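User: I have a model open and would like to go through part of it with you. Could we start with the strand pairing?

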Amino acid sequence: MNRSVVAFFAVTMVFAIIVSTQVFASYTITNITNSAGYDEYPEINSSGHILWDNPYAELVIYNGADTIQLTDDDNFRDTDYKINANGWTVWVRCTGPNYVNGEIMLYDGSRVIPITNNGEGYTDRYPQINNQNHVVWSG
């Protein structure tokens, strides 16, 4: 192997170690949940807000200061959630036999708002929300 190639490789490795040491030395671990079971499927936005599904199939959001449970119901299944940079969240609330009836829900940072109300036999799915708080879905 050519000496200049070896020297380049060695300098590159030293630089990578220095960069990785600086990056990893500046992180902080913060415990935001103490659930007895598994917290699953976290989503994080560019503002550091975190949305996840707790062990009781309820949606929970951490806004950087507080942990807020968005849903609290045994008769619904809340799935397909997304969070934007503003902390606004959309998801599908499923009801009925086998949770086949899906409605789109929105959390605007202060309250939960139903976006659709199609009734029995209709299912809205796959909601998305952008940073202008525009919501789209398939229905």
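Analyst: In this predicted model, strand β6 (residues 89-95) pairs with β5 in the antiparallel sense, and five bridges join the two.

User: Which residue of β6 is the bridge partner of D78?

Analyst: The bridge partner of D78 in β6 is R93.

User: Let us turn to T79. Where is it found?

Analyst: T79 is found in strand β5, which covers residues 77-83.

User: Is T79 buried or exposed, and why?

Analyst: T79 counts as buried because its relative accessibility is 15%, and the cut-off for buried is under 20%.

User: Which residues is T79 in contact with, leaving aside its neighbours within four places in sequence?

Analyst: Those contacts of T79 are with W91, V92 and C94.

User: Changing topic, what is the mean pLDDT of the chain?

Analyst: The mean pLDDT is 81, and 80% of the residues of the chain reach 70 or more. Over residues 4-15, however, the pLDDT is below 50.

User: How many contacts does that stretch have beyond near neighbours in sequence?

Analyst: Residues 4-15 have one such contact in the model.

Note on methods
Residues are numbered from 1 along each chain as its sequence is written. This is a predicted model: local features need pLDDT of at least 70, side-chain atom pairs count only at pLDDT 80 or more; totals for chains, interfaces and linings use all residues. Side-chain values use heavy atoms; hydrogens and water are left out. pLDDT is the predictor's confidence in each residue, from 0 to 100. Contact means heavy atoms within 4.5 Å. Helices (H or I, at least four residues) and strands (E, at least two) are DSSP runs, numbered from the N terminus. Buried means under 20% relative accessible area, exposed over 50%, partly exposed in between (1.4 Å probe, protein chains only). Two strands pair if DSSP finds at least two bridges between them.
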